[in-house]
Amino acid sequence: MTGWIQALGGFLGRSAETTGYGLVLLARTILSLPHLFSRRRLRDCLDLCFTYCLGSFTVTAVVALFTGMILALNGGDSLASLGQENLIGRIVAISMIREMGPFMTALILTASLGSGIAAEIGTMRVSEEIDALRIMSISPIRFLVLPRLVALTLITPVMTIFAGFIGILGASIVAANNFGVTWIAFSNDALENLSTGDVYIGLIKSVVFGITIATVGATQGLLTKGGATGVGEAARRAVVITFLLVIIQGYYLSWVYLS
Amino acid sequence: MIILENLTKILGGKAILNGLDLQIETGETLVLLGRSGTGKSVTLRHIVGLMTPDGGRVEVLGKEISGHSEEELKYVRSKVGYLFQDGALLNWLTVEENVALPLKEFGKTPTSEINDRVQEVLKEVELDFHADKFPSEISGGMRKRAGLARALISRPEIVLHDEPTSGLDPISSSIINRLVNRLKSSGITQVLVTHDMHSAFEVADRIALLHEGKIRSLGTVEEIRNSADEAVQQFLDGKIKGPLTQGAIDGVCDSEENGNEAT
């Protein structure tokens, strides 16, 4: 019993320590934002934006297309039984823009980029590259974390809009082929019912998710201990923690928006 | 000059450094010897403020650095070059870009001067024909030499070497030793951590043997070679039994010597 309590206490202590480290890291990265406007940092950031977009483009497109199709298939089936299949457009558009798009994109980017950031910085940590930067008086926050955080904060909304568009496109194909809803009827219903607020909340969520993915990835990377096992563990933890945070943040942002 | 006074560091509940006293004179090349885990690298890390001591003080170039912030350490770090075990090069930059990094990052040195200095140090470490290669495309010895070039680009007054010849073939080791001796003749203060006795005797002005977190023995190459200290002789001869392996390891040694499996 005592051992169990000790283990729980240890886990909670470590979690609080990591959370504190992550929040301080985020604050210090935000404070170092002016350093982004040097030619080298700006170039690093743009390179990363390009690499990140390119690396997650295909998987986002495929997942978004099929998510939209699944939503249309399930929603359409239920609506068809009530003779209301012409409402598929609004259901899919609101779901994709307000909820599914940001959430799904965040999960894809967490798995592909968040884990990558943790592994990359973690490897640098265990191979003493971070120490080498410190000795050269190069701040790892400005050099590594800042460009990654900014790049993810910029590309997550872009990829979310892209995912929403592809998802709606997939849904319109299913609506037309399976339920006989024309593209015009589908898009009219979607556009008439989609408010500016829906778009804003989707974008706000995606920005928050982007910051979360980068911060958790960088935190886990910088806290990596041990060799290859430690790097693998950092990447795994980054994915698990970000998934949890994204879903919790998503709920509360929706709650704030709806209330 | 580097002064380590009563330096203590506890890691994982164990005192890795336990009141270590050491003074390294300007222009001197000191080799730190000792068994694995005796705190040699930990000592080096204290000299550049990568670790904060739990007790005692560290003074580098007349400045007390123990417990200072990264900002406060900038001056001392600008005067110190550090060669990491595997070079610690950034793998997305070429050798040339890695070497130029400390100068380019601060943007105070004109590009033409950076290029000249990079070519100069790369030539010095005999890597001028591999400047455009990435760290993954060169050998371990070359990575160490590139790491040394990066450590030298800022023209440091002190160079710290962490296992500069480990894992290298004898020829690559000799190239590194020759570089260390060149730095020595140019008056740079150097501290080397190594297990390579041949290398230690070739480059050292003085040799220090670390044991149980303290300096067990300290002297010139000749003094260490002829030392009457059993621990020094055990280390030099690579004997399994002796003062450096007292305690649990002795038990294993006894079992091994008796032909039994250690259980």
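**Notes on a two-chain model**

1. Let's start with B:Arg155: this residue counts as exposed, with 11 C-beta neighbours inside 10 Å. Here a residue is buried if 20 or more other C-beta atoms lie within 10 Å of its own, exposed if 12 or fewer, and partly exposed in between, with C-beta atoms placed from the backbone. B:Arg155 sits in the loop between H5 and strand S7 (158-162) of chain B, and its phi is near 50°, a positive value in a residue other than glycine.

2. A word on what you are looking at. This is a predicted model, in which local features need pLDDT of at least 70 and side-chain atom pairs count only at pLDDT 80 or more, while totals for chains, interfaces and linings use all residues. Residues are numbered from 1 along each chain as its sequence is written, and chains are lettered from A, with ligands numbered from 1, in the order in which they are written.

3. Now compare another loop residue, B:Ala88. B:Ala88 also has a positive phi, about 50°, although it is not a glycine. Most residues other than glycine have a negative phi. B:Ala88 lies in the loop between S6 and H3 of chain B. Is B:Ala88 buried or exposed? B:Ala88 is buried, with 26 other C-beta atoms within 10 Å.

4. (Helices are DSSP runs of H or I with at least four residues, strands are runs of E with at least two, and both are numbered from the N terminus.) The C-alpha trace of chain A spans about 65 × 60 × 35 Å along its principal axes. Of its 259 residues, 45% count as buried. Take the contacts in chain A between residues at least 6 apart in sequence: 88% of them join residues at least 24 apart. Two residues are in contact if their C-beta atoms, placed from the backbone, lie within 7 Å.

5. Chain B has an open sheet of 4 strands in the order S2-S1-S4-S5, with antiparallel pairing. Its edge strands are S2 and strand S5 (63-64), each pairing on one side only. Two strands pair if DSSP finds at least two bridges between them. S1(B) (residues 2-11) and S2(B) (residues 14-24) run antiparallel and are joined by 8 bridges; B:Leu7 has B:Leu20 as its bridge partner in S2(B). Their hairpin has 2 residues between the strands, and B:Gly12 there takes a positive phi near 55°. On to S4(B) (residues 55-60), which pairs with S1(B) in the antiparallel sense over 5 bridges. There B:Arg57 is the bridge partner of B:Glu5.

6. Chain B also has an open sheet of 6 strands, with mixed pairing, in the order S6-S7-S8-S3-S9-S10. S6 and strand S10 (214-220) stand at the edges with a single partner strand each, so one side of each is left without a neighbour in the sheet. The twist averages 15° from one strand to the next. S6(B) and S7(B) pair in the parallel sense over 4 bridges, and B:Val80 has B:Ile158 as its bridge partner in S7(B). Helix H6 (residues 170-185) of chain B packs on this sheet, touching S3, S7 and S8, and its direction makes about 150° with that of S8(B).

7. Which helices cross in chain B? The axes of H3 (residues 95-104) and H5 (residues 140-152) of chain B come within 7 Å and cross at roughly 25°. Axes are lines fitted to C-alpha atoms, for helices over the stretch in contact, and angles run from 0 to 180 degrees between N-to-C directions. H3(B) and H5(B) are therefore roughly parallel to each other (angles under 35 degrees count as roughly parallel, over 145 as roughly antiparallel, 65 to 115 as roughly perpendicular and the rest as oblique). Among the residues that meet are B:Val95 and B:Leu101 in H3(B), and B:Ala146 and B:Ala149 in H5(B). By class, this contact has 6 nonpolar, 1 polar and 1 charged residues. (Ala, Val, Leu, Ile, Met, Phe, Trp, Tyr, Cys and Pro count as nonpolar, Asp, Glu, Lys and Arg as charged, and the others, Gly among them, as polar.)

8. Last, the place where the chains touch. The contact takes 15 residues from chain B and 10 residues from chain A. On the chain B side, H2 (74-78), S6 (80-83) and H3 each supply at least two residues, and H2(B) gives the most, with 3 residues. That side of chain B has 9 nonpolar, 1 polar and 5 charged residues.
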